Amino acid sequence: MEETVEYVQATGLLSSVWLLVAIPLASAAVLLLLGRRADKWGHWLGVLAVGSAFVLGLSYFISLAGMENKSVELSLWDFIAVGRFQVDFGLLFDPLSGVFVLLITGVGSLIHLYAVGYMSHDEGRRKFFAYFNLFVAAMLLLVLGNNYVMLYFGWEGVGLASYLLISFWYTKPSAATAGKKAFLMNRVGDAGLAIGIFIMFATLGTTQYVDVFNGVSGLAAGTILVLGLLLLLGAAGKSGQFPLQAWLPDAMEGPTPVSALIHAATMVTAGVYLIARSNPIFSANHTLQTVVVSVGALTLLMGCIIGAAKDDIKRVLAWSTVSQIGYMFLGVGLGGAAYALAIVHLLAHGFFKANMFLGAGSVMHGMKDQVDIRRFGGLSKYMKITWLTFMMGWLAIIGMFPFSGFFSKEPIIVAAFEREGWTAWLFGMAALLGAGLTAFYMTRLFILTFHGPKRWTEDIEHPHESPAIMTIPLILLAIGSVGAGFLLSTSVPDWLEATGGLGAQEEPHEAVLSHGVLTALSLLLTVAGAGLAYLLFRNGTAKQEQPAGVVVTAARRNLYSDTVNEAIFEKPGIFLTRALVYLDNRGIDGAVNGLAAAVGGGSGRLRRLQTGFVRSYATSMLTGALLVVAAFLAIQLGWLA
Amino acid sequence: MEDLNLPPIDYAALSPILILFGVACLGVLVEAFAPRRARHPVQLVLAIGGSVAALVMVVLERNTRVVTIGDAVAIDGPSLFLQGAILLLGIVSLLLIGERSLEAGGPFVAQAALTVGSEKDNRQAQGAPGNTEIYPLAVFALSGMLLFVAANDLLTMFIALEVLSLPLYLLCALARRKRLLSQEAALKYFLLGSYASAFFLFGVALLYGYAGGVNLQQINEAVAASQNSDILLYAGLALLAIGLLFKVAAAPFHVWTPDVYQGAPTPVTAFMAACTKVAGFGALLRVLYVAFEGVQWDYQPVIGTIAVLTMIVGSVLAVTQQDIKRLLAYSSIANAGYLLVGVVAQNREGVSSTLFYLVAYGFTVLAAFGVVSLVRDADGEATHLSRWAGLGRRSPLLAAIFTFLMLAFAGIPLTSGFISKFVVFGAAIDGGQSWLVVAGVVTSMIIAFPYLRVIVMMWLSEPAETTPTVSVPGWMTSAAVFIGVLATLALGVVPSPLLDLTNDASLFVR
Amino acid sequence: MTLSPYVPIVGLLILGALFALFSVSIAPIVGPKRYNRAKLEAYECGIEPAPQPVGGGRFPVKFYLTAMLFIIFDIEIIFLYPWAVSFDALGLFGFVEMVLFIVTVFIAYTYVWRRGGLNWD
């Protein structure tokens, strides 16, 4: 791991790499500033911006392929320069960020196109595209920055855009609540990332990737552990991993294209990007890697179990996203060559999950925004294209040969078995079990939606297929779901090897089970899971929620994670706020005035503010003063210092 | 009797203070002799012109590093920078104060002495031109601030403190609307302010007992020699710090802030939030870095604890606020906490980052209050948050500006709010105060929530029937808001020039 | 230790006491005597000393204005005294400073005068 990371300065075509961020940003600005005047053509501008970013990204990608050192840095200006702090406003285009750029702009363009149709009846379409473009710009900044501060910029930007887009349909109270929840949980993660960045400053004096990666070997093991855990907290917040997973399924309250782009294909994978990018840090500490792997394994199982008990089509998909990202965390946590495997799975997942989300959107479009899979059924006859494309996605996600999930997930399972000692069994079996469960609940979703008897609500007579503008992206993404896996799994690992620091290979341990056995096992489990689901659900299901045993009930309640969150974060927070408000408003007087002060509405409150409060203010100042003097004297007498 | 030896006086270095003081006196004379009609334009030109002249002198004197007039005043890097900052922010505040087109007669009462609700009072509320004493008062306050940040002995500092405080107490009482609230705010501020001044003075007395002088260098030497009773030193330092912490609104001495910020006329609130904060922190920096350098390890934990407490109180309480001015008041408290983090860092970066933060925050908060003064209904400003619902529909530009400012307060990247928090935390990390940074990051995550709530309120809510109209701002408010927004953006995107400047200006003369 | 420096002070004390005694005792002898209620009340700058009406009652603010103006000039005199005593030693600089001081007080005085602060009604 002693190899140093080197970046070269951008020249030629690559020196305009900043355009990737600037184009969507400019488009978002135009859409927001022009207001209603842009209502007629605004959505096309949005599509055009992302489309041209894709073309640009592709040309950068091609020119990068011809270069010897594939890590190209472009320093735009000195951002912060005070004493020891040097932060560059700079971009980095290397194989890792390259594939992300292609994923974001490629899948992004298709989803933008789809949204033109999906949002066509929405008054706020222009604003929607403005936020959407803003998101793309921020996401590109996130993956293109050449230091952690730039990454943090993008990180905050995507958080903001996602928050705006989740609560886009603000008239639904659930959407507003979901937006808040997403924001709060992301904040916990963001705090971890921010503190991590400051620790880098404190210990290494820099946040530039190149300096951090080259300096990390000189750090104490404890520092690396803390730093890595903080980064992991940030990654878990953004990617909906344990223990910060609860916001992601709730985020489905937003428009479906948002769920597809942000909460399936791109933003939620930012955590995986962060860990992959920071791999020199994570590779430097084995405990750290074990923690990442554990988080991944735990989350992937949780996601499967909860996903199997949900009845809302988008929520099932959301929990499957949580679970699939768990696989990616598992992959990046394994280190070495598995980094690349995780990225391959990420890219493949971007395709098939976006495909399925858009398919779900298409189903909802035809079924008057119904989301309950118990009220679908038999739709395969009415929505041929949606059905077929969704099938490709379904086969891909359960890892059926030769669809892309097989090529991307299976190597991760194998890699999990290549760990040392008993942990190989633990994590390997978790991954294997996850594959079977995935097959079960995804098949359940597919069968209940498209096959079996009709269980529609009374107001639906003829479900209709969506317009071409929505089906074309579906078809393209379906092609990706079929073919991408094989292509990616053969080319991407080699390609990524050129990424600074990623190339470091560790000699893999001998797998505890042979490769062939594992492949057979995972395929067997997949078929078994899918078959079981088929047998159970081919005749449909009850239209209402049925009483169930302990496990199912727990899964329906998100394994009580909300309750736990409430107890750990929300309750103390509310209590602290209340206590502080109480102290601040009522102060010492509260004890004196007691109930009399508490009674009375708004005007009474105002009056209360106008009389007699100075003395309580003065009392609290005096108390504070006494404490400060006492603290100083205590120090002087040596009690505190 | 022999002749006294007169101390040398560097008039050029003192000229900004003297100019402003002279302008304030002139302003009083204008009040006495100019006809009523002419007073407003004359006073406005006089006040802004005087401040610009003083600013020019600050710029011309930028390389001066002297201790002059009998060691009473130190004109050095920090004081010149702070004076420049106070003047710049002061000029922008004067623009807000001078606005007369938002309501008939301007935001200030015509005759403050009239009984609230009396017949005469109702008549003046109909649009009698507001009083113009506000200009000399504001300029007196400004001149006090200039002296406050440059004072090199504790008595001069105390005089400056009073010169800056007394006009502020008066200014708070002069709102045209909601006069009872305004008068109450002024009275509270006055009572608590004098209370805090008493602490300050008591501290000065104890320190005099300790060091045998009130000069900052003298105290520094006494601390280094360390022969006398430490109890005097620590008790004196504590009381002195309390007086200063009151002015910067640090917990638990923040109690006045929400009420005063809410009650005072909005332009005055803006003035206090921007300029007083600069002045207060300037003096705090000087006292702690020059006089008490030798005991920094002893006061760091105490001031650090106060910083944490301030951040927590400001950010947590902001969450429940329903009034935009109170929300901004709690945000100002929280920001005092972040600034204290920079102060406690005890290194050169600590000084320079605090200076940067002060300027960045000042511009943002001025613009924010400028926007607040534009959202009005029949009863004047509509400050209740529920009234802001759906503002994005009615006036997208204004809502967009306010959104940007809220994001800057929340420390979102590419605004000055991010850079200033970043450099302050960086300095604290460098100074070995990581625990403060952890507290800072966590609380800034909390306080982002109320800001976001305002944004959501404006954009993602249906306008209520009673959503207030947004007045068309006069050129002065427009200019003030524009300058504030521009500075917030510019300092967020290219902060290096100002960072260089603060870095050059961060050494105190000893 | 000689007590001589304190002799004048003791003299001043005795003189002061004598003057007070003299004034108080001479007044009833030579002054005219007209008794009325007001004479029996304590002197309180125009405020009715007692009993106060419920809630504190109102009284003219003018007394306070005058009193404050008086105090300002009082303080000015206090500053003028030490300067006058060491006028020679302070020289021209002291003179200019003192003029500036008086001018500043005078500016405030002008304001009060022009704004009608000296008018009783």
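Visitor: How are α18(A) and α20(A) oriented to each other, and why?

Guide: As a general idea, a pair of packed helices is described by two quantities, the angle between the axes and the distance between them. In this predicted model, the axes of helix α18 (residues 421–450) and helix α20 (residues 515–537), both of chain A, come within 7 Å and cross at roughly 30°. Angles under 35 degrees count as roughly parallel, and α18(A) and α20(A) are therefore roughly parallel to each other. The crossing of α18(A) and α20(A) is right-handed.

Visitor: Which residues make the contact between α18(A) and α20(A)?

Guide: On the α18(A) side they include A:Leu432, A:Ala435, A:Gly436, A:Phe440 and A:Ile447, while α20(A) contributes, among others, A:Leu525, A:Ala528, A:Gly529, A:Leu532 and A:Phe537.

Visitor: Turning to contacts between chains, how many residues of chain A and of chain B are in contact?

Guide: In general, the size of an interface is often given as the accessible area lost when the parts come together. Here we can read the residue counts instead: 49 residues of chain A are in contact with 61 residues of chain B. On the chain A side, the elements that give two or more residues are β2 (72–82), α5 (148–166), α6 (173–204), α22 (561–586), α25 (602–610) and α26 (613–636), and the largest share, 15 residues, comes from α26(A). The residues on that side of chain A divide into 34 nonpolar, 9 polar and 6 charged.

Visitor: What is the secondary structure of chain C, and how many helices and strands does it come to?

Guide: Chain C comes to 4 helices and 0 strands, which read along the sequence as the pattern α-α-α-α. Buried residues make up 2% of the 121 residues in chain C.

Visitor: Which residues of chain C does the UniProt annotation "transmembrane region" cover?

Guide: According to the unreviewed UniProt entry, that annotation covers residues 6–30, 63–84 and 90–112 of chain C, and such an annotation may be inferred rather than shown by experiment. In the model, residues 63–84 of chain C are 100% helix and 0% strand, with the end C-alpha atoms 31 Å apart. Residues 90–112 of chain C are likewise 100% helix and 0% strand, and their end C-alpha atoms lie 31 Å apart.

Conventions: Residues are numbered from 1 along each chain as its sequence is written. Chains are lettered from A and ligands numbered from 1 in the order in which they are written. This is a predicted model: local features need pLDDT of at least 70, side-chain atom pairs count only at pLDDT 80 or more; totals for chains, interfaces and linings use all residues. Axes are lines fitted to C-alpha atoms, for helices over the stretch in contact, and angles run from 0 to 180 degrees between N-to-C directions. Angles under 35 degrees count as roughly parallel, over 145 as roughly antiparallel, 65 to 115 as roughly perpendicular and the rest as oblique. A crossing is left-handed if the near helix is turned anticlockwise from the far one by less than a right angle, and right-handed if clockwise. Two residues are in contact if their C-beta atoms, placed from the backbone, lie within 7 Å. Ala, Val, Leu, Ile, Met, Phe, Trp, Tyr, Cys and Pro count as nonpolar, Asp, Glu, Lys and Arg as charged, and the others, Gly among them, as polar. A residue is buried if 20 or more other C-beta atoms lie within 10 Å of its own, exposed if 12 or fewer, and partly exposed in between; C-beta atoms are placed from the backbone.
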